[in-house]
Amino acid sequence: MFFRLALGNVRKSARDYTVYFITLVLGVAVFYAFSTISDQASFLSTDTRESIQVVGGLMRGVTVFLAFVLGFLMVYANNYLVKRRKREFGLYQLLGMTRGQVSVVLFLETTIASVASFLIGLLTGVLFSWLLVFVTASLFGDRVTNFTFQYSPMAAAFALGCFVIIFLVMLAFNLRMLRKVDLADLMGASRKNEQIRVRSLPLTILLGLAGTALIVWAYYRLTRDGLPLAVGDYDGFCATTGIVCLGTLVFFYGLSGILFHVSRAFHGAYYRGLNMFTVRQLSSKVNTVAASMAVISFILFLAIMAVSGGMGICSGLDADAKTSNPYDASLLFSYTEDDVDDTQQITPASQVLGNAGIDFSSIANQLAYVNVYYSGLVGGGRLNVQALSEASGVSLDVIEDPSDSVDYSSMSMYLMTQSDYNKLRTLNGLAPMQLGEDGYLMLSSYTALMTDFDDKVMAAGTQITVGGHTLSPVSSTADSGPSSTVSNVGGRFDIIVVPDDLVEGAELASTVVDMNYSVGTEAGDAYFSRATSILFDQANADGTLSGFSYGLRSENMQTNRMSSAIVAYLAIYIGFVLVIACAAILAIQQLSSVSDAISSYRLLTDLGCPRSMATHSLFVQTFAFFLLPLVVALAHTSVALHQLIRVVGLIGSSNWTSAIVTTAIAFVAVYGTYFVITFLTARGILTMHTSRARV
């Protein structure tokens with residue numbers, strides 16, 4: 001009997017369960033889909049599988065955290081459902097049911113709705129996981145092979161575990177509520193209306209202005225100080241965060257009164273149609289949930305930043321990886337200025353390789369030996385950043401290091417001959433460059449922080465002295481492309497390319513062996529790895545080799561893809577769940593508001609108000625209720641995203657337009673869906689009760 005009663009109640013209250021049902025379906029779907037990432041490794045190449053396993057393990061940990069977030073959200077949703085049915089539960093007790101029996105009915109109802117949402121969510125998750133296979137392959141630059149439609153019992157069990165936790169938390173809160181509420185309270189719940197405090201006009205204006213001033217002050221601090229990157233720089237950022245949080249809260253507390261009083265100032269519009277009713281309803285609701293709307297604004301802000309910022313960071317990482325790894329393989333022999341004295345010479349890299357029996361020409365159709373020199377003993381004093389700044393008049397402030405952790409002014413430039421630079425250009429498919437007898441070119445290969453400084457030094461026509469010769473720039477900009485990258489291993493500080501004869505007498509800083517394979521990547525990497533193993537065994541055999549390192553483009557790109565995949569998955573996953581949480585909370589609050597205002601809508605109906613006019617008022621209230629926290633969140637995002645773009649620009653150029661457009665589409669799809677569902681559900685509640693009033 002209890003099961004039939006519970007099943008009937010679920011059918012009867014299907015409209016009320018819409019938001020609850022959809023939220024659980026989406027939650028289960030994303031839990032399952034992101035838990036199958038490890039299982040997707042079987043469809044990808046061997047090199048990608050290990051990285052996929054790492055990403056999958058991380059996603060499971062994030063899923064547990066998000067399950068708790070969704071659990072509290074569902075408790076909030078259940079409170080709305082139970083609140084609407086308090087009178088019904090009281091009627092059950094008047095008809096002779098005990099509290100225990102009512103609890104059984106509530107337990108069965110929650111179970112039925114939860115099981116249905118879990119099954120549909122699991123099916124949706126299976127479909128989404130198949131699509132996720134191809135997304136994963138794209139992120140790792142791989143292709144899907146031997147793809148089959150499969151179901152993962154482990155992922156389903158993991159999603160079920162998270163779901164059971166959410167279910168038990170919801171059930172515990174519901175049963176606790178029934179035990180603590182008296183029968184009189186249950187029967188009189190529908191007659192208890194929320195008391196609305198309308199603040200005076202001066203107070204609301206004061207609160208609104210104070211909140212706005214605090215927010216603007218926080219924006220100024222963030223724009224001035226930037227995002228903290230160095231250890232110990234978090235105090236100012238935390239203070240800025242606290243200021244904007246307080247400002248947002250104060251702003252929303254003043255917003256309700258401002259909406260009410262300002263609207264009344266426009267008498268013609270205020271008293272037209274149901275505008276007066278609409279404004280009062282919206283103002284009272286904002287007044288009631290001011291703190292909640294402030295929190296929602298921040299959650300929306302975090303969601304937008306997570307998705308757009310994550311996508312932008314991935315774009316920056318990809319761009320940096322392509323620029324930093326222009327060669328199939330690189331071998332870097334490094335020396336210090338103490339490695340050579342008047343009686344000792346460095347063994348050339350070609351001789352070291354020959355002594356070890358290594359012949360890279362057997363696997364490479366393009367092979368280049370490139371030398372980088374210290375500039376200190378060439379003449380004219382140390383060629384460092386400070387000297388270039390003084391000679392060019394370019395301020396050191398152009399080097400905009402957000403962390404302020406490095407003193408760039410004392411860092412010395414390195415030298416490279418024109419011939420060696422042209423070897424790098426040939427490897428990158430570029431035509432050779434001629435400097436003439438008195439020309440030079442700067443290579444911004446160390447960090448993007450130096451690019452603006454280098455460009456301004458070149459554009460200023462700054463002359464430098466090397467080996468007693470005065471040189472002038474041959475270009476108005478420094479080279480920051482692939483040919484400015486000396487090796488896949490990373491390079492020295494910024495390099496200046498000079499005519500060949502000017503490096504005579506300079507000490508050797510490093511020798512780089514760059515190559516592009518004439519064989520397949522797998523065969524080339526295998527030979528290169530064997531060669532480096534031999535070198536490790538014979539390192540420093542002649543006492544002059546400080547050390548060596550190497551970099552394979554395939555390995556470096558794979559590492560970068562894993563980093564990009566982790567960032568992308570975290571951004572999408574966390575952002576998606578946070579948007580669901582915000583939209584669901586707003587939907588529940590709005591539906592609760594409509595339920596509380598049913599008596600007002602009935603009175604409008606009794607006074608002859610057309611249903612279309614009441615529906616239009618409801619639409620405006622719902623739209624404004626969803627829009628207000630979003631507008632504040634977008635304002636916060638516009639300032640914070642500008643700072644994030646600047647920081648990510650230090651990694652590499654990013655396609656932020658694509659990231660922002662993608663975020664906007666996904667956001668509108670999820671947020672807009674909840675808005676539509678909320679309005680349709682609220683309209684259904686309104687239609688049902690006003691129809692009864694007419695009868």
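Buried means under 20% relative accessible area, exposed over 50% and partly exposed in between, with a 1.4 Å probe and protein chains only. The structure is a predicted model, in which local features need pLDDT of at least 70 and side-chain atom pairs count only at pLDDT 80 or more, while totals for chains, interfaces and linings use all residues. Residues are numbered from 1 along each chain as its sequence is written, and side-chain values use heavy atoms, with hydrogens and water left out.

**View 1. The stacked pair Phe 667 and Tyr 671 in helix H21.** Tyr 671 is buried, because its relative accessible area is 6%, and Phe 667 is likewise buried, with a value of 10%. Both residues belong to helix H21 (residues 656–694), where they are 4 residues apart, about one turn of the helix; helices are DSSP runs of H or I with at least four residues, numbered from the N terminus. Rings of Phe, Tyr and Trp (its six-membered ring) pair if their centres lie within 6.5 Å, and planes under 30 degrees apart count as stacked, over 60 as edge-to-face and the rest as tilted. By this rule there are 14 aromatic pairs. The ring centres of Phe 667 and Tyr 671 are 5.1 Å apart with their planes at 25°, so this pair is stacked.

**View 2. The aromatic cluster around the pair.** Phe 667 and Tyr 671 form one aromatic cluster together with Phe 619, Phe 623, Phe 626, Phe 675 and Phe 679.

View 3. A polar atom of its side chain lies 2.7 Å from the backbone nitrogen of Leu 435. Leaving aside neighbours within four places in sequence, Gln 418 is in contact (heavy atoms within 4.5 Å) with residues including Met 433, Leu 435, Val 497 and Asp 500.

Notes. Polar contact = N/O pair within 3.5 Å; in protein donor to acceptor, adjacent residues only side chain to side chain. Helix = DSSP H or I, 4+ residues; strand = E, 2+ residues; numbered from the N terminus.
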